[in-house]
Amino acid sequence: MGFWNRRRAARGAAAVSDPQGNAGAEARASVTEFVNSSDPHLVRFFGGGHGITDEVVTVESALQVPAILAAVTFLSRTLAALPVKVYAKTETGREVKKGDPVHGLLNWAANDETSGFDFRRAFWQDVFTIGRGLAFVERNGRGQPINLWPLDVAKVTVERRQGRTLYHYQDGGRNVTYTAAEVLDLCFMPGADRLGGRSPIYSNAGTIGLAQAVTRYGARFFSNGGIPPFTISGPIKSAGGLARASNDLTAAVKEIAAAGGNALAVPDGHTLNPLGIDPEKMQMVDTQRFLVEQIARIYGLPPVFLQDLTHGTFSNTEQQDLHLSKHVIAPWCQALEGVTNLKFYGRQGGQVFAEHVLDGLMRGDLRTRAEATSQRINTGQLTINEAREIENRPPVPGGDTPLVQGAMVPANMAGQVFKLAETPAADDEGQNDE
């Protein structure tokens, strides 16, 4: 893959300390390194990034394809906008753990320079382009996380040494090595060695290269005012005359394109013969539509979320929305939750955990949402204040008590409840008679 580079990271004083002093002599069992993913020369040198059209595919060139840009921005913004809550397990279930530093890092401010939303959006953008998101977890003296710092994937070397994964980071002349517990690491698809990863862009360079070629051809075609390439044949006797005729026709085409016209004068006795095929015969529009569907498959997105409503109807668009929540957003949320809980709370965690709140994403239109909320309140699944919190409304007094319909009792207790309800009334009547 063009994603990886074979250059070796320099060993410096910032490497992991080795009491025995054997770190320099120790051979690496497995090393994975990253390169600048948008350098076309490096991508070509390492045999990756070539499409079937000989287009060099990089992250920057791929993002010039509207469907790729739409998929990356849609997924990254949607996932970054989801709130993350930190819960603590209790004897009766769980409760929100207010004031937990992880909640503040992911929702409010990842560090002094970056908001929680911007940090998570950039993290997901790396996952859906380069194929990997990396961030360093800075902790205070008590081991509590205080900052999250994004790591440039192009400057990271991943190494497996003595059964441990290490991340060597080179930033200018500064070399730092982090342990796996200090780094949030999420791959789009892990590599075979479990150290590297696969990029959705480079793994599908053929499809994306075709999309780039179609876009480039369309730009060239319309830059000529819609006039396809052509040759001129006629009584041209010399090489100089041929050159002059070619220059005159080129200038004429540019002048017509600039003026918005479509008439081209041809000298007597000469004919124009088109080269290539016009976009209509090439089915260029159909090809672009097919490429949108292919890119949607790469990211697992329903086409409607790439603004392709070719096959969209009222009913299947709603089903695609459910597909997005269940089969795309929810799994990615679980992937980040797994990494976050492991790195913040450790392998022995579980009493405290972070979890995305998907209620806002999965709720429907106003009427459907109101009916569903009412049913959940009436059956005791939600309290009034829990329902109001979902709708971003303030709590009300007495709204934390679960409610149920008073007329609904277990069938085998209906008679007993009826007798118990009548007994106090009978006693009261007897006392009154006395």
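A cavity is taken here as a set of grid points where a 1.4 Å probe fits but cannot get out, and its lining residues are those with an atom within 4 Å of a point. The structure examined is a predicted model. A search of the whole structure identified two cavities of 30 Å³ or more. The second largest cavity has a volume of about 50 Å³, and its lining is formed by Leu106, Phe119, Arg120, Phe123, Trp124, Leu184, Leu336 and Thr340. Two or more residues of this lining come from each of α5 and α9 (314-345). The greatest contribution is that of α5, which supplies four residues. By residue class, the lining of the second largest cavity comprises six nonpolar residues, one polar residue and one charged residue.

Helix α5 spans residues 116-129 and contains 14 residues. Its first and last C-alpha atoms are separated by 20 Å, close to the 20 Å expected at 1.5 Å a residue. The buried residues of α5 are Gly116, Phe119, Arg120, Phe123, Trp124, Val127, Phe128 and Thr129. Gly131 follows α5 and has a positive phi, near 105°.

Helix α11 (residues 366-378) was examined in the same terms. Because a helix of 13 residues should span 18 Å at 1.5 Å a residue, the 18 Å between the end C-alpha atoms of α11 agrees with expectation. After α11 comes Gly380, with a positive phi near 80°.

Note on methods
Residues numbered from 1 in each chain as written. Predicted model: local features only at pLDDT ≥ 70, side-chain atom pairs only at ≥ 80, totals over all residues. Heavy atoms only, no water. Expected span 1.5 Å × (residues − 1). Buried < 20%, exposed > 50% of the residue type's maximum accessible area, 1.4 Å probe, protein only. 1 Å grid on protein atoms, 1.4 Å probe; cavity = no way out; pocket = protein on both sides within 12 Å on 5 of 7 lines; lining within 4 Å. Points joined across faces, edges and corners; volume = space filled by probe spheres on them. Nonpolar A, V, L, I, M, F, W, Y, C, P; charged D, E, K, R; others polar.
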